[in-house]
Amino acid sequence: MARVTISTTPDQLRSGIQPSAEEARTYCAQLEAGDILYIPGMPFEIPPADLDFLLGRRQSGGRLHKNIAYRANEDRITGFAEDTPGDAARLLQIMRDYSRNATKTLSAILSPYQQRWNLDFASYRPLEEENRDLTLHKRNDLIHTDAFPSRPTNGDRILRFFTNINPSEPRKWMTTTPFNSLAGQFAGKSGGCPLPTPHGSSAFAKTAFSMKKALASAGIPITPRSPYDDFMMRFHNFLKENSTFQKDCPKQYDDFPPNTCWMVYTDMVGHAVLSGRYALEQTYIVSKEAMVMPEKAPVRILEKMVGAGLVVSS
Ligand code: SIN
Ligand code: FE
């Protein structure tokens, strides 16, 4: 696993120059193998007044207790308490701009994925991550692979685009071996995290899943989850709960300096944030069908281990 620097410079990206089709395919393959794609600068501008606004949130309000989320599909902000009238509207505009710029950048660098992702939440992370007071399963300073309790992916991939907007401090990450090696070690009864039960492809499971999906889209608060999603959620919790793993696993330390961006499949790269505050992030759920190396996807690794399908086709 490595940090790969995009060879198209941030200035070139700003002026619309993008990697060739061949380079873009290589970048997708590197991400899918567990590398972090790194942009050593800003590929788009965040206006200084917007940055000032973002950096001022924490000092002035002090009422933020979690990350601020921008639900791109609904174009609204959650997790933000307004101090001054107009602040919420301003923040919405800034997050909307960030989300669009991140997506434009991603589309340019990862052209094989274009139109094959769903825009998930974006977030603003203004709080210092070091010694953050969070419950064990919510802690981000413990190494984990991502899974969202409320947003199952049915085997699609969690790709995240991060930007460190801290004017002076790096954001410090720690990573470990990717999913195939973690699953080889821990997935299964003897590893400690039992494998999913392969009922995903039965006619009954298919019908139940489609019914749940229909209810969810009709606004009924129900979340259809595949055996894959159940496992990924359990695995996330298992890794955070496993103090021996946290202590002994191979570790690599990565600092992301101010005004840089990086992309990573957080469902496969074991990662933790050790310190840093003021980061922006946009999440994409990339279709499993869009992978250039499908055999490396966590869903395929698990299906191979189980010997059966773990997602439900809709
Ligand atoms: C995480 O996804 O675990 C946190 C990453 C970050 O906030 O830098
Ligand atoms: Fe994470």
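Reader: Leaving aside its neighbours within four places in sequence, with which residues is aspartate 50 in contact?
Author: In this predicted model, aspartate 50 has its place in helix H3, which spans residues 48-61. Once the neighbours within four places in sequence are set aside, the contacts of aspartate 50 are Arg90, Gln93, Ile94 and Asp97.

Reader: Is aspartate 50 buried or exposed, and what is its relative accessible area?
Author: Buried means a relative accessible area under 20%. Aspartate 50 falls under that cut-off and is therefore buried, its relative accessible area being 7%.

Reader: Which strands stand at the edges of the open sheet of eight strands?
Author: The eight strands follow the order E1-E2-E9-E6-E11-E5-E3-E4, with mixed pairing. Two of them have a single partner strand each, so one side of each is left without a neighbour in the sheet; these edge strands are E1 (3-5) and E4 (76-78).

Reader: In E2, which residue is the bridge partner of threonine 5?
Author: Strand E2 covers residues 36-39 and pairs with E1 in the parallel sense over three bridges. The partner of threonine 5 in E2 is tyrosine 38.

Reader: What angle does the direction of helix H2 make with that of E9?
Author: Helix H2 (residues 21-32) packs on the sheet and touches E1, E2, strand E6 (157-164) and strand E9 (260-265). Between the directions of H2 and E9 the angle is about 65 degrees.

Reader: How many of the residues of strand E11 are buried?
Author: In a regular strand, side chains alternate between the two faces of the sheet. From E11, Ala279, Glu281, Thr283 and Ile285 point one way, while Leu280, Gln282, Tyr284 and Val286 point the other way, and all are buried. For strand E11 (residues 279-286), the count of buried residues is eight of eight.

Reader: Which residue of E11 stands opposite phenylalanine 162?
Author: E11 pairs in the antiparallel sense with strand E5 (residues 117-125) over seven bridges, and valine 286 of E11 is the bridge partner of tryptophan 117. E6 and E11 also run antiparallel, joined by eight bridges. Opposite phenylalanine 162, E11 places glutamate 281.

Reader: In the open sheet of three strands, which residue of E10 is the bridge partner of tryptophan 173?
Author: This sheet has the order E8-E7-E10 with antiparallel pairing. E8 (252-256) and E10 (269-275) are its edge strands, because each has a single partner strand. Strand E7 (residues 171-178) is joined to E10 by five bridges. In E10, tryptophan 173 has as its bridge partner valine 273.

Reader: At what angle to E7 does helix H5 run?
Author: Helix H5 comprises residues 179-186 and lies across E7 and E10. Relative to E7, helix H5 runs at about 60 degrees.

Reader: Which helix contributes the largest share of the lining of the largest cavity?
Author: The structure holds three cavities of 30 Å³ or more, and the largest has a volume of about 90 Å³. Its lining consists of 14 residues, with Ala147, Thr153, Ile158, Asp229 and Met232 nearest the centre. By class, the lining of the largest cavity has seven nonpolar, one polar and six charged residues. The largest share, four residues, comes from helix H7 (residues 227-241).

Reader: How many charged residues are in the lining of the second largest cavity?
Author: The second largest cavity holds about 40 Å³ of space. Its lining is made up of Glu129, Asn131, Arg132, Leu134, Arg139, Asn140 and Asp141. By class, one of these residues is nonpolar and two are polar, and the number of charged residues is four.

Technical notes. Residues are numbered from 1 along each chain as its sequence is written. Chains are lettered from A and ligands numbered from 1 in the order in which they are written. This is a predicted model: local features need pLDDT of at least 70, side-chain atom pairs count only at pLDDT 80 or more; totals for chains, interfaces and linings use all residues. Side-chain values use heavy atoms; hydrogens and water are left out. Helices (H or I, at least four residues) and strands (E, at least two) are DSSP runs, numbered from the N terminus. Buried means under 20% relative accessible area, exposed over 50%, partly exposed in between (1.4 Å probe, protein chains only). Contact means heavy atoms within 4.5 Å. Two strands pair if DSSP finds at least two bridges between them. Axes are lines fitted to C-alpha atoms, for helices over the stretch in contact, and angles run from 0 to 180 degrees between N-to-C directions. On a 1 Å grid over the protein atoms alone, a cavity is a set of points where a 1.4 Å probe fits but cannot get out, and a pocket is an open set with protein on both sides within 12 Å along at least five of seven lines; lining residues have an atom within 4 Å of a point. Grid points are joined across faces, edges and corners, and a volume is the space filled by probe spheres set on the points. Ala, Val, Leu, Ile, Met, Phe, Trp, Tyr, Cys and Pro count as nonpolar, Asp, Glu, Lys and Arg as charged, and the others, Gly among them, as polar.
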